[in-house]
Amino acid sequence: MNAPTEGTLLEQSISTGIEEVVRRRRAIHSFVPGPNITQEQWHKLFELTALTPSSYNFQPWDFIVVEDQKQRADLQPLCWNQQQVMDSVAVVAVLGDKNPHRRDEQILQQFVDDGYFNDEVKQTLKGSIDVVYPDEARRIEHAVCGASLAAMTFMLVADGMGLGTAPLIGFDPKGVAEYLKVPDDYLVVMLLCVGHPSHKELPRQPRRGYEDFVHWTKFGGKA
Ligand SMILES: Cc1cc2nc3c(=O)[nH]c(=O)nc-3n(C[C@H](O)[C@H](O)[C@H](O)COP(=O)(O)O)c2cc1C
């Protein structure tokens with residue numbers, strides 16, 4: 001295959017429709033009533049969310065889906081009484097896994113079986129896990145990083161399916177973890193309320209211009 005030129009790269013990125021989805025997605029504050037999410041829709045949402053990249057392919061995320069209204073009513077006071085918890089059709093807790101290495105043997109062996117690297121490299125990689133995840137602080141960082149990327153995939157896929165999402169970090173993490181019986185290895189990284197958007201959101205808040213947040217060559221470097 002020929003190396004892509006600047007022109008073909010631009011064409012490809014536009015043809016995937018990704019720009020449209022990224023521009024359209026909003027954090028939804030106003031949901032309207034509507035049908036529950038079907039099992040087929042959940043399947044599609046999570047099947048595509050599973051394609052999120054992660055270090056060592058450890059996939060440090062789990063999700064708890066809460067559809068039941070009574071359960072959501074219990075959660076609402078733990079979420080600063082935010083209305084999206086009740087007005088959406090489901091609340092999805094995105095968990096970050098601080099110990100995804102419990103699956104290291106199976107995951108790294110799959111790389112060997114598929115011809116990515118040999119057994120020697122696999123052993124070296126296994127040895128590197130303690131370097132990459134040396135302490136609780138780094139494990140938390142990896143868990144939050146992986147789960148957040150998965151949450152973003154989920155939000156974009158949901159948008160593509162005509163659903164709206166409200167990411168929430170305004171909640172009592174201890175209270176929510178206890179209520180959902182989350183084991184100690186996991187953090188509740190964020191909640192995603194999923195439902196039918198009213199399409200009455202206020203205009204999007206401005207973003208910093210990329211000149212302000214992109215540094216060239218070194219921090220502070222100009223283009
Ligand atoms: C991790 C995360 C946590 C958030 N937590 C809350 C929240 O608790 N309550 C809320 O109303 N909005 C919350 N938001 C929504 C943001 O305010 C919103 O994404 C931001 O203002 C940009 O708007 P937009 O997503 O529509 O572009 C959160 C967003 C993210 C990504």
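Student: Hi! Which residues does Ala147 touch, leaving out those up to four places away in sequence?
Tutor: Ala147 touches Pro60, Trp61, Val94, Leu95, Gly96 and Val189. Two residues count as in contact if their C-beta atoms, placed from the backbone, lie within 7 Å. This is a predicted model, where local features need pLDDT of at least 70, side-chain atom pairs count only at pLDDT 80 or more, and totals for chains, interfaces and linings use all residues. Residues are numbered from 1 along each chain as its sequence is written.

Student: Got it. How many residues are in the largest nonpolar core?
Tutor: That core has 34 residues, and Ala147 is among those with the most contacts inside it. Such a core is a set of buried Ala, Val, Leu, Ile, Met, Phe, Trp, Tyr and Cys residues joined through C-beta atoms within 7 Å. Buried means that 20 or more other C-beta atoms lie within 10 Å of a residue's own; 12 or fewer is exposed, and in between is partly exposed.

Student: And which strand supplies the largest share of this core?
Tutor: Strand 5, with nine residues. Strands (E, at least two residues) and helices (H or I, at least four) are DSSP runs, numbered from the N terminus.

Student: New topic: which residues are around the ligand?
Tutor: Among them are Arg26, His29, Gln82, Met190 and Arg204. Near means a C-beta atom, placed from the backbone, within 6 Å.

Student: Where is His29 found?
Tutor: His29 is in the loop between helix 2 (18-24) and strand 1 (31-32). With 17 C-beta neighbours inside 10 Å, His29 counts as partly exposed.
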